[in-house]
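Please look over the sequence and the model below before reading on.

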Amino acid sequence: MSIFIKEVTTNRELKQFVKFNINLYKNNPYHVPGLINEEMMTLSPKKNPAFEVSEAIYFLAFRNNKIVGRIAGIINHKSNKTWQQKHARFGFVDFIDDVEVVDRLFEAVERWAKEKGMNALHGPLGFTDMDHEGMLVEGFDLTGTMATIYNYPYYPQHMQRMGYVKDSDWHEFKIYVPKEVPEKHFRIGEIVKEKYGLEILKFRKRKDIWPYAYKIFEAMNKAYAPLYGYTELTPNQIKYYVNMYIPMLRLDFITIVLRKSDDAVAGFGITMPNLSHALRKARGSFFPFGFIPLLKTLYGTPKVVDLYLIGVLPEYRNKGVNALVFNDLIPRYVKLGVEYAESNPELETNSAVQAQWDYFQREHHKTRRAFIKHL
């Protein structure tokens, strides 16, 4: 039977769009489902402030009245202006292993992108770097993380078949927690702390982090500016992410490097217990019972942690400021019995970030890719 492509126009269809990912991977042991309500917010023009600088379209593929694929087309106008390009993005893409399904989905987004005056389509990317990005091309037999995409091995095969080529790769590392802070690592941290007038800031109560929440994202804007596809978050986007993520963070897993002279955030480490298994149990819903495994994991004694957001201001890059973050976190991990950390995606060209793992036993275990096709 032929494939029918339908643009998502109702809230009911949007929910079908979101849930298709969970249904497609329901028997896969490596897939980590997101939370349905959170993804609905991300895709909603009424709720996500990314639509102040972006536009999007969503398509579902049907065969015999059954959903067999989904894809989003996104144009981030601010990103295009920043990088001086006319690129559309594809994201939130899932499909069964079927040539016709895949071709029809991408044809729909490519046609939309050309109608909007774009000359290339690349992805998978979201509205911002806070969304999932990069198609898995290595590490299919490993459990994903909350911050990353998991996809079947046939996905990149279809991308290549359709003429999409590599635009950029991200590497992910498993970093084993040492029994103590490496001596040289510790000394570097102490030297830069004294030299640049820095101090470590920790939080005991959630109300204490709020005065610094916006400063963290402002520092992230500066730290991540040179990275592939990154676009500075607007004030409304920062407010959106602050309200979404700050309430769920575990305070002892957050380390802020503060510049004493002006109380500015010079560096930050936002880490979390790995929630992969808890999210698999929740199966996309926080209620009625999904919150139980999530809260138990978040405030328990994890064996694995995710390095969610790590960054330093450009003026401190390659000067050892990131050592201060790990000098603080490693003893906490050791005390809890953490075995290793998931780095989450790091651009393969970002040698400065990857060099920070030189002091630790590490394993490059996953690779993900952004594909591009010129239209």
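What follows is a short report on selected parts of this model.

## About the model

The model is predicted, so local features need pLDDT of at least 70 and side-chain atom pairs count only at pLDDT 80 or more, while totals for chains, interfaces and linings use all residues. Residues are numbered from 1 along each chain as its sequence is written, and side-chain values use heavy atoms, with hydrogens and water left out.

## The nonpolar interior

In soluble globular proteins, nonpolar side chains tend to be buried together. A nonpolar core here is a set of buried Ala, Val, Leu, Ile, Met, Phe, Trp, Tyr and Cys residues joined through side-chain atoms within 4.5 Å, where buried means under 20% relative accessible area, exposed over 50%, and partly exposed in between (1.4 Å probe, protein chains only). The largest such core has 66 residues, and among these M220, I256 and F268 touch the most other members. Helix 7 (residues 206-224) gives the most to this core, with 9 residues; helices (H or I, at least four residues) and strands (E, at least two) are DSSP runs, numbered from the N terminus. A second, separate core holds 55 residues, including A61, I67, A108 and F127.

After helix 5 comes G163, whose phi is positive, near 95°.

R250 sits in the loop between helix 8 (235-245) and strand 9 (254-259), and it counts as buried because its relative accessibility is 8%. A polar atom of the R250 side chain lies 3.1 Å from the backbone oxygen of L298, and a polar atom of that side chain lies 2.8 Å from the backbone oxygen of G300. Leaving aside neighbours within four places in sequence, R250 is in contact with P273, L298, Y299, G300, P302 and L336.

T148 belongs to the loop between strand 6 and helix 5, and with a relative accessible area of 4% it is buried. Beyond its neighbours within four places in sequence, T148 is in contact with H132, E172, N344, P345 and R368.

## Charged pairs

Side chains of opposite charge can pair when their charged atoms come close. A salt bridge is a side-chain nitrogen of Lys or Arg within 4 Å of a carboxyl oxygen of Asp or Glu, and a search of the whole structure finds 22 of them. One of these joins D263 and K215, with the closest N and O atoms 3.3 Å apart; this pair links distant parts of the chain, since D263 is in the loop between strand 9 and strand 10 (264-273) and K215 is in helix 7, 48 residues apart. D263 is partly exposed at 29% relative accessibility, and K215 is also partly exposed, at 27%.

How exposed or buried are K366 and E342? K366 counts as buried at 2% relative accessibility, and E342 is buried with a relative accessible area of 5%. The two form a salt bridge whose closest N and O atoms are 3.8 Å apart, with K366 in strand 14 and E342 in strand 12 (residues 340-342).

Notes: A polar contact is a pair of N or O atoms within 3.5 Å; within protein, one must be able to donate a hydrogen and the other to accept it, and residues adjacent in sequence count only if both atoms are side-chain atoms. Contact means heavy atoms within 4.5 Å.
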